[in-house]
Amino acid sequence: MSAQLDTTELAELQRDFQRLVMHGHERIVTAVEGSPEVPATLRLAIYSEAYRLRLTEALASTLPRLQALLGKEQFAELAREYIDLSPSRYPSIRWFGDRMPGLLCKSFPDQPWLAELATWEWSVATAFDGADAEPVGIDALAAIAPEQWPTLTFQFHPTVQVLAMRTNAPVIFKALSADDSPPECVELSEAQSWLIWREGLKTQYRSLGPDEVAALAVMRDGGSFEMLCDALCGWHDADAVPVQAAGLLKRWVVEQMIVGVS
Amino acid sequence: MSQSSPHPSLGFGLGVRPTHYDALLGERRGSVSWLEALTENYLLPGGKPLHYLERLRADYPIVLHGVSLSIGSTDPLNETYLREVKALADRVEPAWVSDHLCWTGVDGVNLHDLMPMPFTETALRHVVSRIAAVQERLGRRLVLENVSSYVSFTRCDMTEWEFLREIAERADCHLLLDVNNVYVSSVNHGFDPLAYLRGIPAERVQQFHLAGHRNMGNYLIDTHDEPVCESVWRLFHAAVERFGALSTMIERDDNIPELDVLLAELDRARDITTSAQRAKSAA
């Protein structure tokens, strides 16, 4: 008995089997027993058909609004292309659709809402089962001494994401989630930013004004309250800025987006 | 590592599915003795799935059942995956961790299906060495399930049940006997399912799975979308006679009915277990 097990033949058998399942290469057929009622090719086809069916179902379950917008037939066609281009490398089928926005960008350049809808659905799902963190209560803000405020920094919930959308994909998403007819898909004259996060177990999203986009960029980057005020100066009178800044922070705390103050 | 004899029976359980979370925690709390959770569905950073799993864990013993271990693959073991499974097991403290005796892909690809092994001495030794590595990584004994299959390979040195027996004994692991899978494969490959049961070492079997399949005329497909059929109930009776009353559960993955429908099906498993035990003690 050799110390090192030679698995070359087993590896070749598995590779041939996988080539049949993924690409229909038939070299494996001679290694498989058939019967008069169920020949080897039919037996193997059970695996290759199940492969496509399972992955198509997985895509439909992670991107249901994209499927609703495209219709089942066109979605199935897209899934076929995706399955061939981007085989799963994940232990969990949950992550299989991660490269769908890229394929949609390439395949439907004149319908940019499709890629954005996929990006949006994916991002909402990422918030749904993203990492947990305990939000700080509004009392935490009240307890801070006035002289500490300028240097304060805030930690955001790990599910917080800001997305700039060039189409009305989030509005389409909302309508399809409620089983309503989606609005007409349109490209916007300028990008609209959106916030996605999880409040407790509930996934939330809302649109953002440009001042809040700038404020979030500074604060999520570890900026201080003083830097937050500086960032808001571009949108508000200097006198009103501290109140605006405090108002934003209060809102983020109430919305359970802040998980640490230091 | 845990004791070498199988875990005492947990009784009758179900595969937990999100649609039944609220019923299992609410009006049907305690309606089953234990739950089997699909490992990969909870390999997540956080949020609702893990929240519910922890709440269910507070009320029920839980077993983790994986589909991506790929113990038979010639790819290297996925160490990241094993670390994640270990972390989940440390968090959930399952009664045991199971997966399938199969491979799910090579060259880094996951086909997300349970692919059949050739029953050869080489494959046997390959799997045995990997089980040892996995049991070491997880710090616990592995429970491996027989899969349904539609092909068998021309080059085989032994039967499936001989392969399973040798794996369990050489690797010192336990077995999850899926009665439906034995039946499906027996029809697809034309073997006697009772010979299969006789070939499995009783002291290695820890758990039974029951499920439905689809009859395609000349062959059967393991679909988990229908109730358990009469032939599988009969085989389950024989399995209880041979292996005793073990932890038993029903898997339903598609076309999932109300919880009460599955509970009624589980009652049938209870009745058959009682009658098989009676038949055994009378014999």
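Is Glu93(B) buried or exposed, with its 10 C-beta neighbours inside 10 Å? Some notes on that and a few other spots follow; keep in mind that this is a predicted model.

1. Glu93(B) first. The residue counts as exposed, because there are 10 C-beta neighbours inside 10 Å and the cut-off for exposed is 12 or fewer. You'll find Glu93(B) in the loop between helix H3 (79-92) and strand S4 (97-100) of chain B. Have a look at the backbone there too: phi is positive, about 50°, although Glu93(B) is not a glycine.

2. His112(B) also deserves a look. Its phi is positive, at about 55°, and again this is not a glycine. His112(B) sits in the loop between S4 and H4 of chain B. This one counts as buried, because 22 C-beta neighbours fall inside 10 Å and 20 or more is what buried takes.

3. On to the strands of chain B. Strand S2 (residues 34-38) is mostly covered, with four of its five residues buried. On one side of the pairing list is strand S1 (residues 12-15) of chain B, which runs parallel to S2(B) and is joined to it by three bridges; here Gly13(B) stands opposite Trp34(B). S2(B) also runs parallel to strand S3 (residues 62-65) of chain B, this time with four bridges. In that pairing, Glu36(B) has Val63(B) as its bridge partner.

4. Now the contact between chains. 39 residues of chain B are in contact with 39 residues of chain A. On the chain B side, the elements that give two or more residues are H2 and helix H4 (121-138). H4(B) supplies the largest share, five residues. Sorted by class, this side of chain B has 17 nonpolar, 17 polar and five charged residues.

5. Last, the core. The largest nonpolar core has 137 residues, and Leu117(A) and Val179(B) have the most contacts inside it. Helix H6 (residues 112-128) of chain A gives the most to this core, namely eight residues. Why does the core lie between domain 1 (7-109) and domain 2 (118-262) of chain A? Because both domains give residues to it.

6. Leaving aside residues up to four places away in sequence, Leu117(A) touches Arg65(A), Leu66(A), Leu69(A), Ala169(A), Ile172(A) and Phe173(A).

Technical notes. Residues numbered from 1 in each chain as written. Chains lettered and ligands numbered in written order. Predicted model: local features only at pLDDT ≥ 70, side-chain atom pairs only at ≥ 80, totals over all residues. Pairing = 2+ DSSP bridges. Contact = placed C-beta atoms within 7 Å. Nonpolar A, V, L, I, M, F, W, Y, C, P; charged D, E, K, R; others polar. Core = buried A, V, L, I, M, F, W, Y, C linked by C-beta atoms within 7 Å. Domains from an automatic or database assignment.
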